[in-house]
Amino acid sequence: MDTTKTTDAPPPTSQPPANVQKRVNRGATRPGDRVFLGLSRGSGILLLVIMAAIAVFLTYRASLAISKDHGNFLTTFEWNTNLVPPSFGIAVLAFGTVVSSVIAMVLAVPVAVAIALFLTHYAPRRMSGPVAYVIDLLAAVPSIVYGLWGALILVPHLNGLFGWLDEYLGWTGIFSWQGGAPRSMLTVGILLAIMILPIITNVSREVFRQVPQMHEEAALALGATRWEVVRMSVLPFGRSGVISASMLGLGRALGETMAVATVLSPTFDIQTSLLDPGGGTFAQNIASKFGEATQDGRDALIASGLVLFVITLLVNGAARAIIARRKEYSGANA
Amino acid sequence: MAKRIDVSGLTAYYGTHKAIEDISMTVEPRSVTAFIGPSGCGKSTFLRTLNRMHEVTPGGRVEGKVLLDDEDLYGTGVDPVSVRREVGMVFQRPNPFPTMSIFDNVAAGLRLNGNYKKSELNDIVEKSLKGANLWNEVKDRLNKPGSGLSGGQQQRLCIARAIAVEPKVLLMDEPCSALDPISTLAIEDLIGELKERFTIVIVTHNMQQAARVSDRTAFFNLAAVGQPGRLIEIDDTERIFSNPSVQATEDYISGRFG
Amino acid sequence: MSTAAVTDKRGSSLRSASLPKWSPWAIAGGSIVVAIGIGAGAGLTSHIQWGLIAALLFVLGTYVIASAVEGRRQAKDRIATSLVWVAFLLAVVPLVSLIWTTVKRGVKVLDPYFLTHSMGVVADSEPGGGIYHAIIGSLEQVGLATLIGAPVGVLTAIYLVEYGRGGLARAVTFFVDVMTGIPSIVAGLFILSLMLMADMQPFGFAGSLALAILMMPVVVRSTEEMLKLVPNELREASLALGVPKWRTILKVVLPTSIGGITTGIMLAIARIAGETAPVLLLVWGNSFINNNPFSGAQQALPLYIYQQYSQSSGSTAAYDRAWAASLTLIAFVMILNLAARGIARWKAPKTGR
């Protein structure tokens with residue numbers, strides 16, 4: 001970390017000869033230096049310009065769409081962009097996006113933390129290396145492949161589970177099932193959980209591995225069992241890391257497009273049961289509706305994309321803030 | 001309370017590397033025994049075999065016997081977790097649990113071992129902190145995190161945490177090497193008081209410290225780099241520092257090598 | 001008083017009753033047998049349920065037996081251990097199934113013919129055809145994206161590590177983080193909004209632009225990490241010889257970290273090669289071969305998979321092609337990953353972690 005700060009100003013003890021030092025401090029006096037600095041700074045500025053352009057253009061197109069919207073953009077329960085005037089709203093999409101992501105988090109986070117603990121503290125040493133490697137690779141499997149697998153393999157296997165849930169938990173309303181194809185919000189949540197599992201596992205494993213040996217030994221020397229060591233030293237140390245890992249996973253689940261588009265039978269309404277097909281998410285709706293959308297329809301989809309953009313920014317920002325806090329915290333204890 | 005340690009024929013490995021070889025010694029109860037010797041001679045490794053912490057290191061393996069009042073720590077059916085409750089340890093760098101308060105740090109070992117009433121816990125924590133000469137400095141901020149203390153205070157907090165569970169033996173692995181001279185003096189005074197109640201074994205790099213705090217001193221050495229460490233001799237501290245029976249010990253103590 | 005309390009509350013012996021080493025295996029075996037019994041007896045069709053029942057029995061059995069024999073603390077320890085194992089096994093099932101099915105179904109139609117022909121004259125529901133057009137499209141789009149994204153990413157990282165300080169560098173660092181989290185479909189919508197302004201039709205390079213946006217933050221992050229690993233002494237040694245800073249960066253810093261930078265770029269390529277959403281919006285898809293990324297709709301591998309799945313109304317031939325294309329895509333991504341890791345290990349700076 002410190003290298004950034006000290007890079008172009010060497011510490012006084014190891015200063016180069018005075019003439020070089022002068023040149024270095026003034027940075028770019030030679031033509032070569034000026035060109036190189038210009039190029040690299042230009043690239044940085046280009047990134048900022050792109051970000052600004054994304055915000056500006058999405059907002060502009062979205063404002064075009066929303067000004068034509070006959071319904072209420074936030075509360076309307078329909079997406080009819082071909083009507084004159086068009087009428088559309090994001091309530092259904094916001095609901096579906098949040099519900100599917102929450103299901104994914106509830107399923108994935110505990111399992112991912114358990115696997116990370118398994119790899120760092122429980123698995124035989126010979127096993128943990130290769131398994132971690134495979135999980136690393138699985139994080140790189142394209143989401144469309146997860147989608148294909150979900151639609152053709154996972155969905156047929158869920159009939160039994162859905163029937164069982166309906167039989168024993170159907171009375172709650174959330175788990176009642178009318179027997180449609182198991183392509184519902186729960187299916188999406190399960191598939192998203194499987195997809196974000198490797199990411200959360202990898203980041204959590206990194207954090208658990210960084211737990212200082214001396215904290216674990218402190219617990220061991222007091223006569224703690226392995227689980228007590230985990231509870232006393234590993235989990236408290238890794239908590240903020242796990243939270244930020246989960247947020248990164250959440251960010252991916254919120255924006256996932258193709259996997260949702262392949263397994264969900266979308267309808268533009270809100271299902272009270274998680275097992276009945278229907279509902280939709282921001283990203284899935286864009287992918288599914290884009291093909292037939294007119295110019296106005298595309299602008300409306302861009303408007304919904306802008307909302308998704310803002311949501312993921314907030315989630316990722318929260319994750320970064322937690323990581324930054326953690327750095328200060330662990331620095332204070334070093 | 002304190003117990004005697006009898007080590008016979010102890011050899012410890014890291015994977016295939018033999019770290020220490022064939023060590024035998026006796027440590028009397030209510031005494032302070034210091035381990036001295038050059039870096040890498042295996043004195044810390046040996047210390048960690050005395051509460052089965054050595055096997056926590058990947059590849060760590062031990063042969064031989066360590067008797068704690070006639071019970072072999074490495075016997076079949078012995079639970080290392082129970083061993084570590086009997087034989088406490090203080091580490092080189094102070095390692096209070098960073099997320100716990102001072103109070104919770106001291107109570108951590110007790111909470112593992114059973115259900116205590118709040119008043120019992122309060123009593124034991126106070127007694128342990130007093131025993132570690134830390135009570136007066138922290139009694140108004142028991143709920144503050146332990147990581148806010150100075151290095152010397154943190155190390156005394158770790159000692160308080162270790163003695164709170166009333167171990168029979170207290171192992172100290174260079175407990176002062178990360179501390180300033182004043183904190184070191186405080187810990188050395190504390191060791192003198194603690195030996196009334198515990199059997200204490202301390203590894204130290206500092207020969208003056210060994211001379212100041214210990215009753216007996218063991219000198220470890222290794223024949224060459226890569227060779228396993230061995231116990232050269234163990235004797236009354238006074239004798240080791242005035243008239244050792246082995247030439248190597250005298251060379252080391254007088255600063256001719258190491 | 002307290003001393004007495006401590007000694008009373010724990011056994012004085014070092015030995016405590018403990019289960020034999022084989023007991024977890026025995027409990028696991030028992031649970032599986034009982035679960036199969038229950039599953040078959042109750043006529044549960046789903047094997048997922050059989051597995052869940054076995055897992056539940058294993059955890060419960062471990063707790064009950066261990067707390068009876070060893071006491072509560074050991075029982076908790078054992079239940080934690082068994083939960084962790086169960087979590088691992090439960091998670092392995094779908095992941096193994098994913099890889100296994102892709103390979104098993106993918107090899108069916110994956111042959112040289114498949115790799116060298118397009119879907120030009122083949123209806124989606126019929127057998128035959130291939131992915132040549134999709135491979136061409138993917139290579140061109142990803143290649144162009146890399147030509148834009150990689151240099152910008154590397155230069156930005158150089159700016160941040162070698163020159164960066166003050167407000168601009170902080171802003172760039174912050175927005176690189178923000179950019180990392182952009183959903184791919186949003187990057188696609190951004191380029192789409194530009195295309196709507198200019199009234200353009202879908203073409204390959206538009207997809208490349210969106211992919212480049214997704215690639216940049218990944219390259220910046222990994223390159224930054226690698227540049228920071230270059231020891232400062234090297235830079236100082238070069239500067240002290242009177243070498244200008246830009247030559248120091250080009251001749252000393254970059255060659256030292258080139259392995260890691262290459263790895264980062266390859267991992268970023270692997271990531272964008274699997275992106276479907278932006279390609280769907282911007283490149284549109286095409287069953288004919290289009291070698292020109294700057295004009296007309298193109299195909300790409302991920303999009304091909306999606307269209308074979310969604311536009312074929314359940315034809316087996318289309319599904320077979322989708323699996324074969326998936327296998328090709330996974331193979332491409334995995335080879336990139338493995339090669340990247342190989343380079344990272346081979347070229348790792350000796351001062352690295």
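Mentor: One point before we start. UniProt positions are given here in the numbering used for this model, and such annotations may be inferred rather than shown by experiment. Also, this is a predicted model.

Trainee: Okay. Which residues of chain A does UniProt list as "transmembrane region"?
Mentor: The unreviewed entry lists residues 44-66, 86-119, 131-155, 185-204 and 300-319 of chain A.

Trainee: What is the helix content over residues 44-66 of chain A?
Mentor: That span is 100% helix and 0% strand. Its end C-alpha atoms lie 33 Å apart. Residues 300-319 of chain A are also 100% helix and 0% strand, with the end C-alpha atoms 29 Å apart.

Trainee: What pLDDT does chain A average?
Mentor: Chain A averages 86, and 89% of the residues score at least 70. Over residues 1-28 of chain A, though, the pLDDT is below 50. That stretch has 34 contacts in the model beyond near neighbours in sequence. Residues 329-334 of chain A are below 50 too, with two such contacts. Where pLDDT is low, the predicted coordinates should not be read in detail.

Trainee: Switching to interfaces. How many residues of chain C are in contact with chain A?
Mentor: 84 residues of chain C, against 79 residues of chain A.

Trainee: Which helix gives the most on the chain C side?
Mentor: Helix H4 of chain C, residues 72-106, with 19 residues. By class, the side of chain C that touches chain A has 56 nonpolar, 18 polar and ten charged residues.

Trainee: And how many residues does the contact between chain A and chain B take from each?
Mentor: 16 from chain A and 22 from chain B. On the chain A side, the elements giving two or more residues are helix H8 (213-221) and helix H9 (226-255). H8(A) has the largest share, six residues. The chain A side has eight nonpolar, five polar and three charged residues.

Trainee: Back to chain A and chain C. At what angle do H3(A) and H6(C) cross?
Mentor: Roughly 110 degrees, and their axes come within 8 Å. Angles of 65 to 115 degrees count as roughly perpendicular, so H3(A) and H6(C) are roughly perpendicular to each other. The crossing is left-handed.

Trainee: Which residues make that contact of H3(A) and H6(C)?
Mentor: From H3(A), they include A:Leu37, A:Arg41, A:Gly44 and A:Leu47. From H6(C), C:Val152, C:Leu155, C:Tyr159 and C:Tyr163 are among them. By class, the contact has ten nonpolar, four polar and one charged residues.

Trainee: How does H6(C) cross H11(C)?
Mentor: Their axes come within 10 Å and cross at roughly 140 degrees. That makes H6(C) oblique to H11(C). H6(C) passes H11(C) in a right-handed crossing. C:Val142, C:Ala150 and C:Glu162 are among the H6(C) residues of the contact, and C:Ile249, C:Ile265 and C:Ala273 are among those of H11(C). The contact divides into eleven nonpolar, two polar and one charged. C:Ile158 of H6(C) takes part here, and C:Ile158 also belongs to the contact with H3(A).

Trainee: Where does UniProt put "transmembrane region" on chain C?
Mentor: The unreviewed entry's spans include residues 142-161 and 252-274 of chain C. Residues 142-161 are 100% helix, with the end C-alpha atoms 27 Å apart. Residues 252-274 are 96% helix, with the end C-alpha atoms 35 Å apart.

Definitions and conventions: Residues numbered from 1 in each chain as written. Chains lettered and ligands numbered in written order. Predicted model: local features only at pLDDT ≥ 70, side-chain atom pairs only at ≥ 80, totals over all residues. Axes fitted to C-alpha atoms, helices over the stretch in contact; angles between N-to-C directions. Helix = DSSP H or I, 4+ residues; strand = E, 2+ residues; numbered from the N terminus. Parallel < 35°, antiparallel > 145°, perpendicular 65-115°, else oblique. Left-handed = near helix turned anticlockwise from the far one by under 90°. Contact = placed C-beta atoms within 7 Å. Nonpolar A, V, L, I, M, F, W, Y, C, P; charged D, E, K, R; others polar. pLDDT = per-residue confidence, 0-100.
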